[in-house]
Amino acid sequence: MAVEEFLKQCQQSGDAAYAAFRSLLERLEDPKSRVDARVFLSDLYSRVGSSDDCFNKYHFRIQDIYLEQYEGYRGRKKLTMMVIPSIFVPEDWSFTFYEGLNRHPDSIFKDKTVAELGCGNGWITIAIAEKWLPEKVYGLDINPRAVKISWINLYMNAFDEKGQPIYDIEKKTLLDRVEFYESDLLSYCRERDIQLERIVGCIPQILNPNPEAMSKLITENASEEFLHSLSNYCALQGFVEDQFGLGLIARAVEEGISVIKPAGIMIFNMGGRPGQAVCKRLFERRGFRVTRIWQTKVLQAGDTDISALVEIEKNSPHRFEFFMGLSGDQPICARSAWAYGKAGGRISHGLSVYSCQLRQPKQIKVIFEFLKSGFQEISSSLDLSFEDDLVADEKISFLAYLASTLKENSYFPYEPPAGCKNFRNQIARFMKTYHHIPLTSDNVVIFPSRTVAIENVLRLFSPRLAIVDENLTRNLPRQWLTSLAVEAAETSLSEDVVTVIDAPRHSDLMVELIKKLKPQVVVTGIAHFESVTSSAFVQLLDATREIGSRLFLDISDHFDLSSLPGTNGVLKYLSGAPLPSHAAILCGLVKNQVYSDLEVAFVISEDEAILKALSKTVEVLEGDTSLISQYYYGCLFHELLAFQLTDRRPPLERSEESKSVEVIGFSSSAISVLNNAELSISADGNSLIHMDVDQWFLPMPSPVKAAIFESFARQNLIESEIDVTPSIMQFVRSNYGFPINSNTAFIYSDCLQALFSKLVLCCIHEGGTMCFPAGSNGNLVSAAKFLKANIVNIPTISEEGFKLTEKILNKALGTVKKPWVYISGPTINPTGLIYSNKEMEDILTACAKFGARVVIDTSFSGLEFDFEGWGGWNLEGFLSKLSSSGNPTCCVSLLGGMSLKLLSGALKFAFVALNQPLLIDTFHSFPGLSKPHSTEKYALKKLLALREQKGVMLDVVKEQIGVLETRTKRLKEALEKCGWDVLQPCAGVSMVAKPSFFDKTVKLSHSVKDTASGEKDATYEVKLNDTTIREAMAKATGLCINSGSWTGIPGYCRFTVALEESEFELALSCLAKFKSMVGN
């Protein structure tokens, strides 16, 4: 086609001009016609020049962009580029961006894989390839016409005016280095998994004043005005930065994180309209280190409508920054700029080029992969900006670990009460790697906090006299610290009185007290000036050994979570000598950089009996330690261990263990409970299926995962965001009608068992009697026994579903002194039956007659099946009437746990609501509670709000209730086939059944360690009854259940059904297997 004929076609319209150039591109792409097509472009340029007249008349313009003016430029002096009306025309904005790129060293793009976002007509993409010789540079634009014109410009500059290739010093042409593609930001690279080393972008930052215009389908045939607007305006992107017009850049940055290589750099041109601090924060909160490499002012394009920014200012406190002309230095807001521009004034704004690099690329990629897997709505809460690199390293590492865990796991796995196996193993490895102490995970027991560990130790031994470091007594029970029965403690054989004497943290003074007072237990730390050497520790070991006292040494203040830990005399001693049997090491972990109040503690011992007893004690009195807290510190230990190579030095020779000495044993109540209670079964390397634990192993809903992650991702949580009391008040009112007044106290813990243990202590303090109906939570009964409470078991009958009735209580409470009645409801654990509102009113009426204190445990409620006759509880009117009846001793306390209600395995949160001032005071005299961390409270508050909204969260709860109902029916069928008599549940996660094969025998295999000869096939016979069925079933099939000893109902075992799907199926097959073994 002749030049004149081509121009005639272009003159018709912009669309006609584009069609003509598209045909020309086809000729350029064909090697056979490429030379002629390139020569035609030269002739065309010679004919029309680069004037505005050409642009207006023929709807295109070809112009030269001179490059030698830019600092440090080496290479050809100019690029010849074409533009059409439907794409972005190079102007000050893009030239300033190129100036910023030139501020980088020449190595910035050399041999790198680069992408330019919003490439327009491709001039910057081509200039990068021309100057810096990258391996490959992708020019990406959402405008399909821009991509076609960019290819034409590439051919125009890759070949000379005669159509011959132009080679660079590496004998390559621009065609070897540059490619252009239609792409919504980085979608082209993401879909093809192209990993980039550099991402540059000059992206629009003003919201389109007509949002609907941006929702049109982007095609080559779209209007010129619409296609051109893509270069000037952006649509709402669903990011918090939308409020500043920066949503499109925010999306580009987050997409860039997924394809940028670890050492990659992103460079963006940022208009300063939102303010420099806002622009910088966009990158910093996503984990980037940011450098501003160039800054100037540019005039606002006359055709740019900033009315959308005026609207933002009207609806928010934010003010944009504009200037009057290029010389003004005082900023004006968008509204003033809009008015000034309408009046004919020229407005300008700042323009900066930012270079940014990820702090921890691997971890931040993991975090954003998690957010993009269905959790994008919480990205606005993410804040990875830190002034302190140590804080950044710690928090980002944990968030990556948490994101990976939440993404890859549908539920949190069962962990033994002694602590997560992996966490205990990491502590042991840290001790071995950094301090050369040969420990294993079996030498470590985890506690919720140091305070809890100390109180649990003292309750385990129940010493008549204990000496405790004055720095460690603050949260011990008030009665222990105010007792003056020191003389009685020396002579009395009673275990019921523990007297604690506090002592200064000075080894000489402590040793003197030990020798004079002869305590059974000593808990102390070591002063800083004595911590470097082991002499003070040796003194304490010798002094306690001489008098037969147990020593628990606290090293919390001297234990460094660091790759360069300081010298620690105690740990240095243990590298060369074993820990004597009468001594143990205690350490509270609070030295993290991010959450000063997030704590777990561990105890180290080399005495197997002590370790087993401590593990069972924490299970009885506390339940377990927060999984997420263990994960947090486990992540810190993991990072520290990743620094270290395997120690190639032989282990130090440890001296012979000193002879054991006679010391105080466990209290009689502890021995009884630890020997007889149904506590967790040790896996011993075998895989067990746990139908014996009150945990949620069904898939966690997305809102739960989102709330957990967001609680840690946030920074600077304010009090109102973590004040859960209003939410809990609303919850107990709407679900139970529990009356709340100015006297009501809500007390929180991360484990229900800990709160119940404190209530038992209040009962003991008042001289009361704990009354448990047959058919109660066996763990709570064990806790009451351990704490030496007076206990009465109230018999129940099968005809009533083993439920309490007014008649049963009238008969049982008549002879009980100061009764404290425990009731599980509305859903009863273990039976899964329900107390109706009327049944509960009758029960409370009976309790009131005898002035009983009532503890209603609602922790298993909230998962009631949909059946006729269940309408929930509303006890407010009845309880208010009861409280005004004049009986001062009668009161009702509400105990609750949120884990099951919110379908969360790891988010543990428990509360107790107390209404009587005297009881509240008594409860607070036992202060050693492990309290929920602020992150747990934030997540809980968010989930309760979602539940109240009756949206997705409530739908998921209903769906999971359906799963539980189906499971109970299937389990009932399976049990009945195997000869069990099943009590049909109607709520919750557990049910009970009675086997028909009691008194029969079953053959079991010994484990290797149980047999002296080590023969695996050695067998023995067991007669099945309440005492033996649990162990028999676990050994024979790997299925763990609770027996009648746990349920309190003779003959009836308990099964929980909230298992992972495959585990539930295995459990059903285990029942059949056990039945076949009994039959044989």
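The buried residues of helix α37 are covered by elements that include α27 (702–713), α36 (934–948), β28 (980–983), β29 (990–995), β33 (1053–1056) and α40 (1061–1079). Contact here means heavy atoms within 4.5 Å, and buried means under 20% relative accessible area, exposed over 50%, partly exposed in between (1.4 Å probe, protein chains only). Helices (H or I, at least four residues) and strands (E, at least two) are DSSP runs, numbered from the N terminus.

The model is a predicted one, in which local features need pLDDT of at least 70, side-chain atom pairs count only at pLDDT 80 or more, and totals for chains, interfaces and linings use all residues. Residues are numbered from 1 along each chain as its sequence is written, and side-chain values use heavy atoms, with hydrogens and water left out.

Among the buried residues of α37 are Met953, Leu954, Val956, Ile961, Leu964, Arg967 and Leu975. Just after this helix, Gly979 takes a positive phi of about 90°.

Strands β28, β29 and β33 form, in that order, an open sheet of 3 strands with antiparallel pairing; two strands pair if DSSP finds at least two bridges between them. The edge strands, each pairing on one side only, are β28 and β33. Neighbouring strands of this sheet are turned by 35° against each other on average, direction ignored. Between the antiparallel strands β29 and β33 there are 4 bridges, and Val992 stands opposite Arg1054 in β33. Helix α37 packs on the sheet, where it touches β28, β29 and β33, and its direction makes about 155° with that of β28. Axes are lines fitted to C-alpha atoms, for helices over the stretch in contact, and angles run from 0 to 180 degrees between N-to-C directions.

**Helix α22**

The buried residues of α22 are Ala536, Phe537, Leu540, Leu541, Ala543 and Thr544. They pack against α21 (507–517), β16 (521–525), β17 (550–554), α23 (569–576) and β18 (583–589). Gly548 follows this helix with a positive phi, near 75°.

**Nonpolar cores**

A nonpolar core is a set of buried Ala, Val, Leu, Ile, Met, Phe, Trp, Tyr and Cys residues joined through side-chain atoms within 4.5 Å. The largest has 185 residues, and Phe559 and Phe709 have the most contacts inside it. Helix α25 (residues 627–642) gives the largest share of this core, 10 residues. A second, separate core of 68 residues includes Leu476, Phe552, Leu621 and Tyr822. Leaving aside neighbours within four places in sequence, the contacts of Phe709 include Ile367, Phe370, Leu399 and Leu406.

Leu44 lies in helix α3 (residues 34–48) and is buried, with a relative accessible area of 0%. Its C-alpha atom is separated by 6.1 Å from that of Val3, 41 residues apart along the chain. Not counting residues up to four places away in sequence, Leu44 touches Val3, Phe6, Leu7, Phe21, Phe60 and Ile62.

Thr125, in helix α6 (residues 123–132), is buried as well, with a relative accessible area of 0%. Its side chain makes a polar contact with the side chain of Glu116 (2.4 Å). A polar contact is a pair of N or O atoms within 3.5 Å; within protein, one must be able to donate a hydrogen and the other to accept it, and residues adjacent in sequence count only if both atoms are side-chain atoms.
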